Amino acid sequence: MADLKPTQEQGAIIEAVGAGRNVVIQAGAGTGKTSTLKMAARALDRRRALYVAYNKSIATEAAASFPEHVSCRTAHSLAHQAVGRRFRHRLNGPRELPSRRAEILGTPWVDLGSAATAITPVQLARIAVDTVARFCYSADREIGAHHVPAQNGIFGDDHEALSREAVIYARRAWADLCDVDGRLKFQHDHYLKMWALTKPQLPFEVVMLDEAQDSNPCVAQLVQGQASAQQIAVGDSNQSLYQWRGATDALEHWAADDVLFLSQAWRFGPVIAGQANRWLGYIGSPLRLKGNPGIASELAKLTAARAVLCRTNSEAMRRVMLLLAQGIRVALAGGGAEIRRLALAAEELQEQGRTSHPELYVFSSWAALQEYVETDASGSDLKPFVDLIDSHGTAAVLAAIDALVDETRCNTVVSTAHKSKGREWDSVLIADDFPEPAGHGATIPKVDAMLGYVAVSRARLRLDPGGLDWAHHRHPATRPAAS
């Protein structure tokens, strides 16, 4: 893509930014939003600007190419400069034992009555700290029961009772964290929240927020609070996948003078653009992508692909094991630490009838977990993992994790669709754990349609829709392309 000659869409964005208007930019997959922001930054007439990046690596890369009047930072780096330095000694503290956390907070046993097991002081302390984390992601000023995360196997009155207890100790934990001499393990999100609560006014005339669809409410509110600054929010509402960890689509309700679109995809050709547009139709988005005419993308049945994309971690692990059995060098996007912890927890549950893992601690046996995932709809997210362990055993899963290699040395990368965001590969195979909605005329849930859109738009040259082939028999909503 050439920066020298903007497309019509890019020209409209540059003009709006140069005129000082507050702008929301809906940038479809592979449409070069960062390059467009760089063009727009040059139209700011050297007004002092801030580009708020999603993570440190993006900020570092942007700093090397944005104009010098644009400061490229993360929200955390800004907060660290203002507040976090006072807590530096706590960030470098030792690993925190769960028992020590419970001791600091003074958490008791909690008997929930109808729950299968009582909540131990260690687990209540963990829930309290997790509640603080959700509070830090939020735009709220105080910790409340709505910040207490759901726990597998605990519902209704039991969850309400647990929430009442958890809030007490979450507030105690927050007080400790706000004390420079506190004792709990201190995290970067803690000083970010402390800083956001002061409602800071930044010394910039323009603020640009990248990946706004995945910003948590704390960061979004911080940027929107810069009342005297021109605001530019960019992202793709159709890739808003992280609600489960506190993110919200800030683009949806951003007060802007203009909502503009980037629809010319540079990553892939018209064939793959067509696949992405099908899923945009299921989402109900007005956006439609135009493929790069210079790339001859194609659909193909692939026996080998550079990347295999799955819906769940469990299917990703199953694919890893199949590929390893064929002698293929495999990398798992994000590494295997998460599934390793779950496999070790499964082993503990099978052998000892208990585990401290936050996903499984409430179950008193492996059989109880098996019954839960088979009979309770809320256990559906754990079912693929239970099936994986039942089919292969913990030893085989752990051995497969040990056999993983770095992405620089692999033949194939296996990833979940979530972890594939922001990435691309020449060839992509979609795994078969993306279920078609059951029932005649059943609609595709929006989050599933977003996953489909993200997954198919990772491929540059060759795409095997595989587990999403069922979508070809459906008729997506037809809407005109955004202009």
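## A helix and its neighbours

A residue is called buried when its relative accessible area is under 20%. In this predicted model, the buried residues of helix α7 are P121, Q123, L124, A125, R126, I127, A128, T131, V132, F135 and C136. They pack against four helices: α6 (98-105), α8 (156-177), α9 (188-197) and α10 (217-224).

The average pLDDT of the chain is 92, and 95% of the residues score at least 70. Residues 478-483 are a stretch to treat with care: pLDDT stays under 50 there, and the model gives them 13 contacts beyond four places in sequence. Where pLDDT is low, the coordinates should not be read in detail.

## Cysteines

How many disulfides does the structure hold? The count is 0. Take C410: its sulfur is 14 Å from the closest cysteine sulfur, that of C310, which is too far for a bond. C410 counts as buried because its relative accessibility is 7%, and C72 counts as buried too, at 11%.

## Space inside

A search of the whole structure turns up 5 cavities of 30 Å³ or more. The largest cavity holds about 100 Å³ of space. Its lining includes N313, M317, E338, S415 and K419. Helices α12 (313-325) and α13 (337-352) and strand β10 (412-416) each supply at least two of the lining residues.

How values were computed. Residues numbered from 1 in each chain as written. Predicted model: local features only at pLDDT ≥ 70, side-chain atom pairs only at ≥ 80, totals over all residues. Heavy atoms only, no water. pLDDT = per-residue confidence, 0-100. Contact = heavy atoms within 4.5 Å. Buried < 20%, exposed > 50% of the residue type's maximum accessible area, 1.4 Å probe, protein only. Disulfide = S-S within 2.5 Å. 1 Å grid on protein atoms, 1.4 Å probe; cavity = no way out; pocket = protein on both sides within 12 Å on 5 of 7 lines; lining within 4 Å. Points joined across faces, edges and corners; volume = space filled by probe spheres on them.
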